[in-house]
Amino acid sequence: TLDLNNIQGDILGGLPKKTETYFFFDVTNVDRFKANMAQFIPHVKTSAGIIKDREAIKEHKRQKRPGMVPMAAVNVSFSHLGLQKLGITDDLSDASFTTGQRKDAEVLGDPGTKNGDTFTPAWEAPFLKDIHGVIFVAGDCHASVHKKLDEIKHIFGVGTSHASISEVTHVRGDVRPGLVSAHEHFGFLDGISNPAVDQFDQHPFPGQDSIRPGFILAKENGDSRAAARPDWAKDGSFLTFRYLFQMVPEFDNFLESNPIVLPGLSRKEGSELLGARIVGRWKSGAPIEITPLKDDPKLAADAQRNNDFDFGDSLVRGDQTKCPFAAHIRKAYPRNDLEGPPLNADIDNRRIIRRGIQFGPEVTHQEHHDKKTHHGRGLLFVCYSSSIDDGFHFIQQSWANAPNFPVNAVTSAGPIPPLDGVVPGFDAIIGQKVGGGIRQISGTNPNDPTTNITLPDQDFVIPRGGEYFFSPSISALKTKFAA
Ligand code: N7H
């Protein structure tokens, strides 16, 4: 069984949060840092702690107490540069992690400039610097998080002459207000589909795939790289952080300008349908594979049904009527397109656990009127897996950015046969065009599935920073990172 007292809480379960601050730091004095870590570690929220917090929240609701349970939970994660700084030279057996995201950005397709062999992504300045680690604090409100973060900064002497770390930058995420609190900035309900992890998620929802813990946690059952990894890596997980800006008025304008024309649909409904077909779910969260032409908010709100689908044999038949092959959720997790016949491929190693949070303000009247973004907003994208190479890096490069995928996808079980005349195109949400060209997707019109639609030159999601980290177990924090 998993030792839930030894695993950081954001990985399994997720830190309960209305707001979250990511504090990126460099280690400036290794000896002092290791000494400070001994004081810091008791603050780290474990997966067992998360279960207790959930119970407290449930009890609070059951007793109909007002407001929210005051809460602030802390986790910590280190980059490859951070490990090097601390003199930890073990190879964690993940090329993306070792390379670091700044150097990986060209392969990911991030915009940037090339000077000779050197690619510099068009990121915010702090993310172009070396980052050793990130401490993140999630909580019920800004006051709880500030207070906790101040305590943590105090432990490391931040800003004083005896500091052991210095701030590189910090970013704050906030869930959106009111009725859209669980929705991301384009307006779609998020956080519906994550894999269930054996031994932790006891009661998976219908349609929620169970995976062995080793696909998320290093050196657990299922980790194909276990043998190559040092013992202390056990029960740690790689954290991918991406600072993703979303061009919301531009996205809305694209939908408004290109409504899908179908008998009986108003222009507005045609625009909503286009959005749903780009994502694979309606804004409510209802999957279009189950309800292709009309939203179904009741279905969306029902956790027993809202993830209970696969794509049937539609890929084999080349049929995009219900869900385009390039819909974001189909590109990022193709379900039985690969796992079903004829390939029966095992893609559990592509699964990630997503833990993002929104940042930035709501769209203003002015932005809506100008159809143009004036204020930065988007997603602090975070995901966990026991390999970045097999998880985030692969999904971004080989699925989202690859116009042909899943047609002609080559898996360990063989290739998918080509379909006459159908090129699925990019993932319109996160697919990046890598070196120019136009971005197209097919299958947005259910009545005319081979017609391509061309996406605007400017992507709707723009990466402006990021890094790859490793979130060690509590015992590893004590033995390798503290003195
Ligand atoms: Fe995505 N969106 O609003 O369109 N994502 N995503 N994502 N995403 C999902 O099923 C979104 C991003 C995955 O299991 C939903 O929980 C946005 C990256 C995966 O069926 C919505 C951004 C990567 C899934 C969005 C963004 C992924 C998924 C449906 C960036 C990895 C699960 C809600 C700003 C490379 C698929 C849900 C499944 C779902 C959106 C980023 C991957 C609405 C706006 C970078 C694996």
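Modeller: Phe460 is found in the loop that runs between strand E16 (452–454) and strand E17 (461–471). Is this residue buried or exposed? Around Phe460 there are 21 other C-beta atoms within 10 Å; a residue is called buried if 20 or more lie within that distance, so Phe460 is buried. Leaving aside residues up to four places away in sequence, Phe460 touches Gln246, Met247, Glu250, Phe251, Ala428 and Ile429. The chain also brings Ile430 towards this place: Phe460 and Ile430 are 30 residues apart along the chain, and their C-alpha atoms are separated by 7.8 Å.

The next step is to consider the domains. The chain of this predicted model is divided into domain 1 (19–244 + 465–480) and domain 2 (247–347 + 400–461). The C-alpha centres of domain 1 and domain 2 lie 30 Å apart. Where the domains meet, 16 residues of domain 1 are in contact with 20 residues of domain 2. On the side of domain 1 that touches domain 2, the classes are 8 nonpolar, 7 polar and 1 charged residues.

Because domain 1 and domain 2 both give residues to the shell around the ligand, the ligand lies between them. Of the 27 residues around the ligand, those that come nearest are Phe188, Ile192, Ser193, Ala332 and Tyr333. Two or more residues of the shell are given by each of strand E9 (237–246), helix H11 (328–332), strand E12 (378–385) and helix H14 (392–400). Sorted by class, the shell holds 16 nonpolar, 6 polar and 5 charged residues.

Finally, the chain as a whole may be described. It has 15 helices and 17 strands. Its radius of gyration is 22 Å, close to the 23 Å that the globule rule gives for 483 residues, and therefore the chain is as compact as a globular protein of that length. Along its principal axes, the C-alpha trace spans about 70 × 50 × 50 Å. Phe460 is buried, and buried residues make up 47% of the 483 residues in the chain. Among contacts in the chain with a separation of 6 or more, 71% are between residues 24 or more positions apart.

Note on methods. Residues numbered from 1 in each chain as written. Predicted model: local features only at pLDDT ≥ 70, side-chain atom pairs only at ≥ 80, totals over all residues. Near = placed C-beta within 6 Å. Helix = DSSP H or I, 4+ residues; strand = E, 2+ residues; numbered from the N terminus. Nonpolar A, V, L, I, M, F, W, Y, C, P; charged D, E, K, R; others polar. Domains from an automatic or database assignment. Rg over C-alpha atoms; globule rule 2.2 N^0.38 Å. Buried ≥ 20, exposed ≤ 12 C-beta atoms within 10 Å, placed from the backbone. Contact = placed C-beta atoms within 7 Å.
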